[in-house]
Amino acid sequence: SARYRTPVLVQSCYAAEPIANHDILRAGGIPVSTSIDQTVRIVAALDRRRTHLATVDARSTLELPPPAPPLPAIGPVAEPRARRFVEAAGIDTGRWVFAEGPEQVAAAVADFGCPCAVRVVSPHVVHKSEHGGVRLNVTAETARHVATTMTAEVTTAIPGARIDGFVVTPMYSGGIELLVGATNDATFGPVIAFGAGGTLVEALDDVVFRAAPCTELEVTEMIAETRVNRLLDGYRGRVPVDRTALTTLLVRVSALIAAHPEIDELDLNPVLADGSGIVPVDIRIIVKEQQA
């Protein structure tokens, strides 16, 4: 009501009938609806508006930052360069080494002192796992042979593919697989995505989106909308994920995509999250051709 500044709605099965009581309510500014579903949706919309107005100071204005120096490449960005690019934006990509050949791969795995993941670096290989360009649980004893075999398999699958080297990272396991992505959409502008990640991202269909740049509040709401959110607080004995670190990651990705309109796709998938930290396992950036 106007006196108490509280919205009032009335649902009646007879709202469509010419009933005097309903006319009195409508004359007083109180809507009368015949549909329960419609009334519930109206109440839900009012509640969302209340929340938005109460937190407007903590929300983004969606004003884009000045464009940053663009990535000069067009098309896929080599993974080592992509890692250094996101690291410059304050995003931790974990421990990794670029190795030029099989001998360097073996040395890198030995230096890490644990089983490693090895991924081929090639401008002609975008989806590495589909063309033999990824090996997991590589040991110091098998590293040289694995790198040599990967080179042969990739060049067989993609004749003429140039192999520039390999990215070697320690194996991370046991965490929750998340997806963090971003794009510059032709209609909506810079957008970020978050949800369940890994190889089953399409099958799980648990991804939500926001216009970038985003604030911490907006990212927190975004995370809460997903089903994977329920796993972050220690589901069935798991150690809870550091939500502050996850929120910071998403905020920084949103700022990065907003400042770089030349980026067509930025994918961190999977991002492994557990009690010890949050690490992007694979990083993919594609730069779109700029319009003259």
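## The second largest pocket

Strand E8 gives the largest share of the lining of the second largest pocket, five residues. Keep in mind as you look around that this is a predicted model.

How big is the second largest pocket? Its volume is about 210 Å³. In total, 14 residues line the second largest pocket, and to find its centre you can look for Gly181, Ala182, Thr183, Ala193 and Phe209, the closest ones. Sorted by class, the lining of this second largest pocket has eight nonpolar, two polar and four charged residues.

## The largest pocket

Now for the largest pocket, which holds about 970 Å³ of space. Its lining is made of 39 residues, and those nearest the centre are Gly198, Thr199, Asn269, Pro270 and Asp282. Quite a list of elements gives two or more residues to this lining: strands E5 (116–121), E6 (134–138), E7 (165–170), E8 (176–185), E11 (263–274), E12 (277–280) and E13 (283–287), plus helix H6 (201–204).

Which element gives the most to the lining of the largest pocket? That's E11, with four residues. As for the kinds of residue in the lining of the largest pocket, you'll find 16 nonpolar, eleven polar and twelve charged.

If you're wondering how such spaces get found at all, the idea is simple: roll a probe the size of a water molecule over the atoms, and you see where empty space is left.

## Helices H7 and H8

Next, take helix H7 (residues 216–224) and helix H8 (residues 243–259). Their axes come within 9 Å and cross at roughly 110°. Angles of 65 to 115 degrees count as roughly perpendicular, so that's what H7 and H8 are to each other. The crossing of H7 past H8 is right-handed.

Which residues of H7 and H8 meet? On the H7 side, they are Glu216, Val219, Thr220 and Ile223, and on the H8 side Arg243, Leu246, Thr247, Leu250 and Val251. Split by class, the contact of H7 with H8 has five nonpolar, two polar and two charged residues.

## Helices H4 and H5

Another pair to look at is helix H4 (residues 102–112) with helix H5 (residues 143–157). These two pack at an angle of about 140°, and their axes are 8 Å apart. Because of that angle, H4 counts as oblique to H5. Is the crossing of H4 and H5 left-handed or right-handed? It's right-handed.

From H4, the contact uses Pro102, Glu103, Val105, Ala106 and Val109, while H5 brings Ala143, Arg144, Ala147 and Thr148. The contact of H4 with H5 has six nonpolar residues, one polar and two charged.

Most peptide bonds are trans, and most residues other than glycine have a negative phi.

Ala212 and Pro213 are joined by a cis peptide bond, with omega about 5°. You'll find Pro213 in the loop between E10 and H7. Asn269 and Pro270 also have a cis peptide bond between them, with omega about 0°. Pro270 sits in strand E11, and both Asn269 and Pro270 are among the residues nearest the centre of the largest pocket.

Then there's Leu62, which is not a glycine but has a positive phi of about 65°. Where is Leu62? Look in the loop between helix H2 (36–54) and strand E3 (75–76).

Terms used. Residues are numbered from 1 along each chain as its sequence is written. This is a predicted model: local features need pLDDT of at least 70, side-chain atom pairs count only at pLDDT 80 or more; totals for chains, interfaces and linings use all residues. Side-chain values use heavy atoms; hydrogens and water are left out. On a 1 Å grid over the protein atoms alone, a cavity is a set of points where a 1.4 Å probe fits but cannot get out, and a pocket is an open set with protein on both sides within 12 Å along at least five of seven lines; lining residues have an atom within 4 Å of a point. Grid points are joined across faces, edges and corners, and a volume is the space filled by probe spheres set on the points. Ala, Val, Leu, Ile, Met, Phe, Trp, Tyr, Cys and Pro count as nonpolar, Asp, Glu, Lys and Arg as charged, and the others, Gly among them, as polar. Axes are lines fitted to C-alpha atoms, for helices over the stretch in contact, and angles run from 0 to 180 degrees between N-to-C directions. Angles under 35 degrees count as roughly parallel, over 145 as roughly antiparallel, 65 to 115 as roughly perpendicular and the rest as oblique. A crossing is left-handed if the near helix is turned anticlockwise from the far one by less than a right angle, and right-handed if clockwise. Contact means heavy atoms within 4.5 Å.
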